Amino acid sequence: MYKRLSAILFPIATVLLIGAVVWGYQENQEKNAILIKAENQYQRAFHDLSYHVDRLHSELGNTLAVHSASTGSHRKGLVNVWRITSEAQNEINQLPLTMLPFNKTEEFLSRIAKFSYQTAVRDLTKQPLSDSEVKNLKELYKSSADISKDLQAVQDKVISNRLRWMDVETALASQDEPKDNTIIDGFKTVDKKVGEYPELDWGPSVSSMYNRRSVKKLGGTPVTLDTIKDKAAKFIGNSVTGDIKVTENGKGTEWASFTAQVQGANNEVTTLDFTKNGGQLIAYSNNRTIGPKAVSYEQARAKASAFLENKGYSDMTPVAYDEFDNTSTFTFVTKLNDVLIYPEKITVRVGLDTGDVTGIQASDYVYERENRQPVGEPKLTLEEARKYLNPDYKVKYHRLALIENEMFEKVLTYEFGGAINGSDFKIFINAESGVEETIEEIQSQKQGARS
């Protein structure tokens, strides 16, 4: 009996063992193939980064070498600087550096990209490079040489010692402090040196991108937790404030704010964020489960408009619409004397099962409204502005709009909504100069919704 059972089970066990060995081998091969592919991608991104930083140094030198009156050469050089810097930023994003302090270098490259782009797109025949901008280029030329030299030193060690980027990823993911790792040490050295470079005068348009808004810059006096509790209760229409929990965020810093939370039925949580100065609402969210779609676009838009009006946000006009997963999102902007103020925007989220508003984001509205500047009058007439459009562009509507352009300047424009080549667009024409400030493609008629 035992011999008969063994004769049956032994071949089966052998087949299973062989199968397990083969499966394990295949799994190991697939794992190794994935690791090799990842390592090759990291190596390529790193060597491309080193190459582009060296090219950046050369292109800055070329730009400085030409005559000060050679505006065409300056424009070409600055465009190349912007393109090369953008490539370097992209390559940094492909490397496993998320847990490694490299932010100073990334910000430095970002500022170069913004500076070179915004300088190149302006009319250099009317606004040639200033002495300050030439000084900037000279400093950037020196700094990029240092960065290139340090990266090439790391590159030489990677090649000569056959170092692997997968070891960097493992070291960074480790809970322990990474020990001796040539690549990590090299990048830390680069970032430390960049942090010691002298501060440059990038100009107001570039600097404004990095001077992030803080609640401390808002007017109004600081409010108390009880005041926030009352404001939250009033907003959600709840007279009982005992169930509202308020916490202060970033206490003692310029980012100080308050968050109020209300626990509802079915594990629903309503969250409201307020500024500490003045106690202004900057965000509202209700996490209820959204059911099947039962509300039309028109009904959702009406509900969103009514909600804003009821909460004290008057004179708001919807300018954009998006829909995803039975939830619609409307973007509203202030309408002031028939001019749309695009920087003063509020996004409103509506559940398409009932049409109830489930969230708003009002931080742009709060900050921009407090710092609003006079709009002014257009210098061009409507018909004069229309002449700057493509003759084939079929205009469906027009209106005045204040927007923030690529130079981060607020400019009065004529907004023309229309179609060309089978697609819908919004074209914003500067109401003073006739320049096309920006063009936006509209994915659907609903996204171009207007009053």
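**Note on the predicted model: salt bridges, a cavity and a pocket**

1. Buried residues make up 41% of the chain's 451 residues. Here, buried means under 20% relative accessible area, exposed means over 50%, and partly exposed lies in between (1.4 Å probe, protein chains only). This is a predicted model: local features need pLDDT of at least 70, side-chain atom pairs count only at pLDDT 80 or more, and totals for chains, interfaces and linings use all residues. Residues are numbered from 1 along each chain as its sequence is written, and side-chain values use heavy atoms, with hydrogens and water left out.

2. The overall fold first. The chain has 11 helices and 12 strands. Helices (H or I, at least four residues) and strands (E, at least two) are DSSP runs, numbered from the N terminus. Of the contacts in the chain with a separation of 6 or more, 59% are between residues 24 or more positions apart. Contact means heavy atoms within 4.5 Å. The chain exposes about 25700 Å², and carbon and sulfur atoms supply 51% of that area. Accessible areas come from the Shrake-Rupley method with a 1.4 Å probe; for residues, only the protein chains shown count as cover.

3. How many salt bridges are there? The count comes to 13. The rule is a side-chain nitrogen of Lys or Arg within 4 Å of a carboxyl oxygen of Asp or Glu. Side chains of opposite charge can pair when their charged atoms come close.

4. Please look at glutamate 344. Glu344, Arg369 and Arg372 are linked in a network of salt bridges. Glutamate 344 pairs with arginine 372, with the closest N and O atoms 2.8 Å apart. Glutamate 344 lies in strand β7 and arginine 372 in the loop between α10 and α11 (382-386), so this pair ties together parts that are 28 residues apart in sequence. Glutamate 344 also meets arginine 369 in a salt bridge, at 3.7 Å from N to O. That pair, too, links distant parts of the chain: arginine 369 is in helix α10 (residues 363-370) and glutamate 344 in strand β7 (residues 339-351), 25 residues apart.

5. Buried or partly exposed: what is the state of glutamate 344? Glutamate 344 is buried, with a relative accessible area of 1%. Arginine 372 is partly exposed at 32%. Arginine 369 is partly exposed at 39%.

6. Leaving aside neighbours within four places in sequence, arginine 369 is in contact with Thr334, Glu344 and Asp364. Its C-alpha atom is 8.6 Å from that of proline 343, a residue 26 places away along the chain.

7. Another salt bridge sits within one helix. Glutamate 383 and arginine 386 meet through their side chains at 3.7 Å, N to O. The two are 3 residues apart in helix α11, so they are separated by about one helical turn. Glutamate 383 is partly exposed, with a relative accessible area of 46%. Arginine 386 is partly exposed at 28%.

8. Which residues line the largest cavity? They are Ile341, Pro343, Glu344, Glu368, Asn371, Arg372, Gln373, Val375, Leu402 and Lys410. Glu344 and Arg372, both in this lining, are also members of the salt-bridge network. Strand β7 gives the most to the lining, with 3 residues. By class, the lining has 4 nonpolar, 2 polar and 4 charged residues. Ala, Val, Leu, Ile, Met, Phe, Trp, Tyr, Cys and Pro count as nonpolar, Asp, Glu, Lys and Arg as charged, and the others, Gly among them, as polar.

9. Cavity size is next. The structure holds 1 cavity of 30 Å³ or more. About 60 Å³ of space lies in the largest cavity. On a 1 Å grid over the protein atoms alone, a cavity is a set of points where a 1.4 Å probe fits but cannot get out; a pocket is an open set with protein on both sides within 12 Å along at least five of seven lines; lining residues have an atom within 4 Å of a point. Grid points are joined across faces, edges and corners, and a volume is the space filled by probe spheres set on the points.

10. The second largest pocket holds about 330 Å³ of space. It is lined by 13 residues, of which Lys231, Phe235, Leu281, Lys311 and Tyr313 lie nearest its centre. The elements giving two or more residues to this lining are α8 (225-236) and α10. Helix α8 gives the most, with 3 residues. By class, the lining has 6 nonpolar, 4 polar and 3 charged residues.
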